[in-house]
Amino acid sequence: MDIRNDIKYYMAREAVTFKQLASLMSEKTGKKYTINSLSGKLIRESITLKETLQILDILGYHLDIKKNS
């Protein structure tokens, strides 16, 4: 799983830039997010599940977990 490319893919589908996403994340959480902080978390793969779920919510998606068959 490459969360960085997945998030960038969904951002592109919804025409959301890192600048817009950082602003929306800051509004949603009350915590300061910047382009560099979000990009860095994705590059380092240090983004939390909570942050990932918040990003997906902002972009209009949700995470669906299914048991392996």
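Biologist: What does Tyr61 count as at 23% relative accessibility?

Modeller: Tyr61 counts as partly exposed. Buried means under 20% relative accessible area, exposed over 50%, and partly exposed in between, with a 1.4 Å probe and protein chains only. This is a predicted model, where local features need pLDDT of at least 70, side-chain atom pairs count only at pLDDT 80 or more, and totals for chains, interfaces and linings use all residues. Residues are numbered from 1 along each chain as its sequence is written, and side-chain values use heavy atoms, with hydrogens and water left out.

Biologist: How many aromatic pairs does a search of the whole structure find?

Modeller: The search finds 2. Rings of Phe, Tyr and Trp (its six-membered ring) pair if their centres lie within 6.5 Å; planes under 30 degrees apart count as stacked, over 60 as edge-to-face and the rest as tilted. The Tyr9 and Tyr10 rings are edge-to-face, because their planes are at 75°, with centres 5.1 Å apart. The Tyr10 and Tyr61 rings have centres 4.6 Å apart and planes at 45°, so that pair is tilted.

Biologist: Which parts does the pair of Tyr10 and Tyr61 tie together?

Modeller: Tyr10 lies in helix H1 and Tyr61 in the segment after H4, so the pair ties together parts that are 51 residues apart in sequence. Helices here are DSSP runs (H or I, at least four residues), numbered from the N terminus. Ring pairs link Tyr9, Tyr10 and Tyr61 into a cluster. Tyr9 counts as partly exposed at 44% relative accessibility, and Tyr10 counts as partly exposed at 26%.

Biologist: New topic. What is the span of H2?

Modeller: H2 covers residues 18–29, which is 12 residues, and reaches 16 Å from its first C-alpha to its last. That is close to the 16 Å expected at 1.5 Å a residue; the expected span is 1.5 Å times one less than the number of residues.

Biologist: And which residues of H2 are buried?

Modeller: Leu21, Ala22, Met25 and Ser26. Seen down the axis of H2, they fall within an arc of 135°, so they line one face of the helix. The arc is that of the directions from the helix axis to the C-beta atoms. An α-helix has 3.6 residues a turn, so residues three or four places apart point the same way. On the face of H2 turned away from the buried side are the exposed residues Lys19 and Glu27.

Biologist: What covers the buried residues of H2?

Modeller: The cover includes helix H1 (3–13), H3 and helix H4 (49–59).

Biologist: Which residues touch the most other members of the largest nonpolar core?

Modeller: Ile7, Leu21, Met25, Leu38, Ile47 and Ile55, out of 13 residues. H1, H2, H3 and H4 each supply at least two residues of this core. A nonpolar core is a set of buried Ala, Val, Leu, Ile, Met, Phe, Trp, Tyr and Cys residues joined through side-chain atoms within 4.5 Å.

Biologist: What is Ile7 in contact with?

Modeller: Leaving aside neighbours within four places in sequence, Ile7 is in contact with Leu42, Ile47, Thr52, Ile55 and Leu59. Contact means heavy atoms within 4.5 Å.

Biologist: Where does Thr52 lie?

Modeller: Thr52 lies in helix H4 and counts as buried at 10% relative accessibility.

Biologist: Last one. Is Lys41 buried or exposed?

Modeller: Lys41 is buried, with a relative accessible area of 16%. Lys41 is found in helix H3 (residues 35–44).
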